[in-house]
2 protein chains.
Amino acid sequence: MSAEPLIVISLPEAVVSPAPRSAADLTEQRGTRRVSFTPKYGSDAVQVDVHYLWCGAPHAPTIIVQGGISADRDVCIGRERGAGWWQELVGRGAAIDLDHCRVLSIDWLVPADLGEAESVSSEDQAAALAALVDELGIGRVHAFVGSSYGAMTGLAFAANHPEKLKSLILLAGAHRPHPLSTAQRSIQRSIVRLGVESGRTDEALALARQLAMTTYRGSEEFSRRFAAGPELRDGRFHFPVEDYLEHAGRRFVERFEAERFLALSESIDLHDVSPERVSAPTTLVGFPSDRLVPLADLCELQRRLAGTATLEVVESPYGHDAFLKETVQLAPVLRHALNDCRGDH
Amino acid sequence: MSAEPLIVISLPEAVVSPAPRSAADLTEQRGTRRVSFTPKYGSDAVQVDVHYLWCGAPHAPTIIVQGGISADRDVCIGRERGAGWWQELVGRGAAIDLDHCRVLSIDWLVPADLGEAESVSSEDQAAALAALVDELGIGRVHAFVGSSYGAMTGLAFAANHPEKLKSLILLAGAHRPHPLSTAQRSIQRSIVRLGVESGRTDEALALARQLAMTTYRGSEEFSRRFAAGPELRDGRFHFPVEDYLEHAGRRFVERFEAERFLALSESIDLHDVSPERVSAPTTLVGFPSDRLVPLADLCELQRRLAGTATLEVVESPYGHDAFLKETVQLAPVLRHALNDCRGDH
């Protein structure tokens, strides 16, 4: 599967931005490259524009970092210098230390990027990353650090492009989705499709996000935060947790398209990579309160991986979102897993 | 709160049906009585028609049995002699033995039954049952066996009508809903409201039921049953668990109204009874795989009840639905909790 030709075309918009004052000696490349591969659910090779961020110490080893389906390439620094989605863990002196590494991340592909394909797979995301690694002249990445859907993509990358990878660090993601999680996501997609068909897309997308939120956070956290009673408002009772969910739903609609959500949500459920195909040394990080990716699935993954595999269990009340929230606990775990990164160049 | 006057009016449709051949010496009363009480969310007393089933050994002590919001009074025998929803546990020689007890159950009230009230509470259901107990001349019931919403109603009954009750048996229900479960139900209600507003009520109600199904069953059961991969059909991938959920959703729509669902779902979330107000001896039955009513909530309930309280923990893969599915394991638990029922009359 890794034998497909990877054709890479440089586009002029690939630029080296001037580094910010606080990162005077770091490089930051925010660009787009056109690559070619055959999508899993397509019959022909397609040309795909991949939007990436590549930043860190010049000439340092590259670490791919990918997050969940709603994350983008802005891992450590946002557009207009805003916050990156994982900047507590990726930065100068952080666990993923930009003084000693370069981080590469892409915006997720959707079927519209893939020509006539109606679905996009984690293997397609991995193929795009592999082509980009070639195009940027990286050769082999020091590590792939993936969380949630990013972990699925990391596993696909390791299975299909083993020569491009030294090690794998996977947080809250496994070789297949749990069927209960698939159930919850398939309902989210049905809500969105119903909304699209009935001209209520935004409300439906917000509801789907609300449902997703109930699967991301730990049960105990809900219990602690939303113990208060309901409030009678506008003729009906509103529960505190409802206000929280509605706010989260509205915020999501402002930044996410229904079609993108449908495609990436489905892509999680289509993910299926045999652990036996992965021989890279792997560190798995799981959270007992994660109901979306049960620890039992990471135990099975650890048992079945072909290479050495360590499972780190991190206690957290935050459920699946622990990969975003438990930065203090995760820092030493990541440092340890990456410990041969420093001085490796 | 138990001091409100309970006015009961006999309606002519209360009938004693001829007993079936296999239960020659059992009575079976399927009737309607008009009772009066002041609803929790109303300001005045209202007249309410309560539909009930009362069957078992004549003159034997009465046991109230109530199930979840989608259950009805047909506990042990359905209309036209069909199956009752708990007939493995309620019947001649069963754990709740109709040769030695009489079982009383009502159809849940909805706000439309309560005049101008816009919501119905578990305490209203309890008030209706208490009035019915008076009207039928029962005096004091031997036990209230409630599951899920029925457990909530049982707790409200014990708190507000202590003189009408000897003991309480509560399965998979507690003194308050878990906030995560409230979150899941509030989303179900939002889906239904969106469907009603956009003229897609049936599809929305089916989706709400699908979501409810993901909260009823255990995670491991989903894992075991739906491990197969997706199938490409009608232009998109369908997952095995999706077919199961869609079937369950369609079946629910055939037998349930959107308004009824909205009201009873909300009623669960409005439930809030202080355990300290309940002094009846109580047996709690909880299931570790129940994510809707976590065992921790039953532990808290046990600790806070004013009377003696036993917690029976029953292992099951079926989650919240274990109260319906684990009839073999539940039979001895119920027999033990009811053991002074035999020969008590």
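**Contacts, symmetry and salt bridges**

Start with B:Pro317: leaving aside neighbours within four places in sequence, it is in contact (heavy atoms within 4.5 Å) with B:Gly218, B:Glu221, B:Arg224, B:Ser289 and B:Glu326. This is a predicted model, in which local features need pLDDT of at least 70 and side-chain atom pairs count only at pLDDT 80 or more, while totals for chains, interfaces and linings use all residues. Residues are numbered from 1 along each chain as its sequence is written, chains are lettered from A and ligands numbered from 1 in the order in which they are written, and side-chain values use heavy atoms, with hydrogens and water left out.

B:Pro317 sits in the loop between strand S14 (309–313) and helix H9 (322–325) of chain B. Helices (H or I, at least four residues) and strands (E, at least two) are DSSP runs, numbered from the N terminus. At 26% relative accessibility, B:Pro317 counts as partly exposed; buried means under 20% relative accessible area, exposed over 50%, and partly exposed in between, with a 1.4 Å probe and protein chains only.

Now chain A. A:Ser289 is in the loop between strand S13 (282–286) and helix H8 (295–304). What does the side chain of A:Ser289 reach at 2.9 Å? That is the backbone nitrogen of A:Gly319. A polar atom of the A:Ser289 side chain also lies 2.6 Å from the backbone oxygen of A:Ser316.

Next, symmetry. Chain A can be laid on chain B by a turn of 180° and a shift of 0.0 Å along the axis, with an RMSD of 0.0 Å; copies are superposed by least squares on C-alpha atoms of residues with pLDDT of at least 70 in both. That is the relation of a two-fold axis. Within chain A, A:Ser198 comes closest to the rotation axis, its C-alpha being at 3.2 Å.

Last, salt bridges: a side-chain nitrogen of Lys or Arg within 4 Å of a carboxyl oxygen of Asp or Glu. Over all chains there are 48. One of them joins A:Asp107 and A:Arg73, with the closest N and O atoms 3.3 Å apart. Both of these residues are buried. In chain B, the side chains of B:Arg217 and B:Asp321 meet at 2.7 Å, N to O. B:Arg217 lies in the loop between helix H4 (201–216) and helix H5 (219–225) and B:Asp321 in the loop between S14 and H9, so the pair ties together parts 104 residues apart in sequence. B:Arg217 is buried at 11% relative accessible area, and B:Asp321 is buried at 9%.

How values were computed
A polar contact is a pair of N or O atoms within 3.5 Å; within protein, one must be able to donate a hydrogen and the other to accept it, and residues adjacent in sequence count only if both atoms are side-chain atoms.
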